[in-house]
Every structure is written in structure tokens, then in C-alpha cells.
Amino acid sequence: MNARWLICIDDTDNEESIGTGKLARWLGAHLVERRLIEDAFSVTRHQLLVHPDIPYTSHNSSACIEASSEEESGVLLHAASDYLKQHWNEGANPGLCVVRADAVSSVLVEIARAAKREVLRLDEFDDAIRGMGLAVWSSGETGQGRIGACSGAALRSTRNDGRFIGLRGIRDLKGRVTVREICAGSGVEEVRLEGSGALGGDVSIETRDWVRPSLINGRAVFVVREDSGQLVPANKRSRDD
């Protein structure tokens, strides 16, 4: 029987390499190719605290795949960690977490929310997650990436955090398009004006070749704002997108 799985990675890159977000999309495609997950997977970016005491490459964000699979956590962890061993970069401290979407504890969610606002000690974090049934792998000098990986999975499980960097059709949307075209040509479910409500199908959006919907109440919602008389993406680009 298929289950929904969260496969989250963190701190896999350095300044010269591809970002963690792109690697997560590559990892998802690799797992599809191996027939370990179904091809309708998505990837979300989750922002954690940016602080001098936290080692990160550029933005301290993790990337979480959500996918359906008949496999167990051990199989997914083994396949994903093997792939990361071949693709993480020198100087990084990569982490990987695999957990069923419906098995994330409320305690882990609170820890993940804390990771968005405060520095977490690795030893205390390891003690806190012990016994939660998470499948975790980490490497590098410190293995610090497991904090971000577990936190990203927990934040994704809330269905109210992060933005999609991997979702059907979003990278094919270019230039000026209507709301109807966005929703018909991608996995975006709603286009919303920042601070207001959903926009009608005939409304035109200047995408700036960058459609990255937010995860809001379990839906992919593309939030836009007004700029010089046109509607443009409300979020700002980052290296991990």
C-alpha cells in the first residue's frame, strides 16, 4: 500500500556547487528512475534561522521531497543517502531525513519551528528526536545538516510552510501569462494577491520567468504583488530556488 513520504536534505553544497534545492530535484528524479517513488513528486524549500553560529552556504534552507511510495523508510534512506554520497560537496555537512508524512510528531514540529528562530545545539537535538522513528543519515565534519533535514520534513508536514521549487509545470511558465494559464499548465492551485484574495482567471501576471508557489493550507498558492502597475511574484529569488 502506498504511503506519502517526506525525504528532506540539508547542507549539501558549497559556494561553487549547485544548491541544495537543485540537488533535491535531482534526487527526486533519481528515485523515480529507480521506481522507488512515483513521478508526481514535489519539492519545497524551507527557511531556517540565519545566524553566525549556524554553518550554512547562503540561506540556511532545507529542501523536502514529498512523494508516494510502496517502499519502507530503510529502502528510501539507503537509496537517497547513496545518491547524496556521490553528490554532496567538500566543506558541507549534509543531512537526510526520511519519514512518513502522517508520522511526524507534534514535538518534532515544535523543534522545527524553534529552528526557524533560534540556534539549536546538535547534541540536544539528537537527544530530543531519539525514539521518534525518523530514518536519518548525515555526514561531513559535524553532520549538522541533520537538524535542517529533520526540521524541513517536519515543517513540510504542517502543510503551511515553505515554497515549491519542484512542482509540475512551474519551470515552464515564462513571461506574461494569465491566472488561468498558470493553473492549467502547472500544479499551482491558486494565484493570490498579497494581503488579499484569489485572483480571477483572466488576470495577467508578469511572472519574470519565476513561478514559485507557497505551501498554504496544503495547497500550492502563487502569491503576487503590485509593482509599477503590474502583478509580479511576491517572493524573492534565492540561490536554492
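These questions and answers walk through a predicted model of one protein chain.

Residues are numbered from 1 along each chain as its sequence is written, and side-chain values use heavy atoms, with hydrogens and water left out. In this predicted model, local features need pLDDT of at least 70 and side-chain atom pairs count only at pLDDT 80 or more, while totals for chains, interfaces and linings use all residues.

Reader: How many helices and strands does the protein chain have?
Author: Helices are DSSP runs of H or I with at least four residues, and strands are runs of E with at least two. Both are numbered from the N terminus. The count for the protein chain is 6 helices and 12 strands.

Reader: What radius of gyration does the protein chain have, and what would a compact globule have?
Author: The radius is taken over C-alpha atoms, and the globule rule is 2.2 Å times the number of residues to the power 0.38. The C-alpha atoms fill a box of roughly 50 × 45 × 35 Å along the principal axes. For 241 residues the rule gives a value near 18 Å, and the chain agrees with it, at 18 Å.

Reader: What percentage of the residues count as buried?
Author: Buried means under 20% relative accessible area, exposed means over 50%, and partly exposed lies in between (1.4 Å probe, protein chains only). Of the 241 residues, the buried share is 52%.

Reader: What share of the contacts with a separation of 6 or more comes from residues 24 or more positions apart?
Author: Contact means heavy atoms within 4.5 Å. Take the contacts in the protein chain with a separation of 6 or more. Residues 24 or more positions apart account for 72%.

Reader: Is Ile7 buried or exposed?
Author: Ile7 sits in strand S1, residues 3–10. Its contacts beyond four places in sequence include Leu27, Leu31, Ala80 and Val98. Its C-alpha atom is 6.8 Å from that of Val99, 92 residues apart along the chain. With a relative accessible area of 1%, Ile7 is buried.

Reader: How are H1 and H2 oriented to each other?
Author: Two packed helices are described by the angle between their axes and the distance between the axes. Axes are lines fitted to C-alpha atoms, for helices over the stretch in contact, and angles run from 0 to 180 degrees between N-to-C directions. Helix H1 (residues 20–33) and helix H2 (residues 73–87) pack at about 130°, with axes 10 Å apart. Under 35 degrees is roughly parallel, over 145 roughly antiparallel, 65 to 115 roughly perpendicular and the rest oblique, so H1 and H2 are oblique.

Reader: What is the handedness of the crossing of H1 and H2, and how does their contact divide by class?
Author: A crossing is left-handed if the near helix is turned anticlockwise from the far one by less than a right angle, and right-handed if clockwise. The H1 and H2 crossing is right-handed. The contact involves Leu23, Trp26, Leu27, His30 and Leu31 of H1 and Ala79, Ala80, Tyr83, Leu84 and His87 of H2. Ala, Val, Leu, Ile, Met, Phe, Trp, Tyr, Cys and Pro count as nonpolar, Asp, Glu, Lys and Arg as charged, and the others, Gly among them, as polar, which gives 8 nonpolar, 2 polar and no charged residues.

Reader: How are H3 and H5 oriented to each other?
Author: Helix H3 covers residues 106–115. The axes of H3 and H5 come within 8 Å and cross at roughly 110°. The crossing is left-handed. H3 and H5 are therefore roughly perpendicular.

Reader: Which helices do the buried residues of H3 pack against?
Author: The buried residues of H3 are Leu108, Val109, Ile111, Ala112, Ala114 and Ala115. They pack against H4 and H5.

Reader: How are H4 and H5 oriented to each other?
Author: Helix H4 (residues 122–129) and helix H5 (residues 145–157) have axes that come within 10 Å and cross at roughly 40°. That crossing is left-handed. H4 and H5 are therefore oblique.

Reader: Is Ser228 buried or exposed?
Author: Most residues other than glycine have a negative phi, and most peptide bonds are trans. Ser228 has a positive phi of about 55° although it is not a glycine. Ser228 lies in the loop between strand S11 (219–227) and strand S12 (230–233). At 76% relative accessibility, Ser228 counts as exposed.
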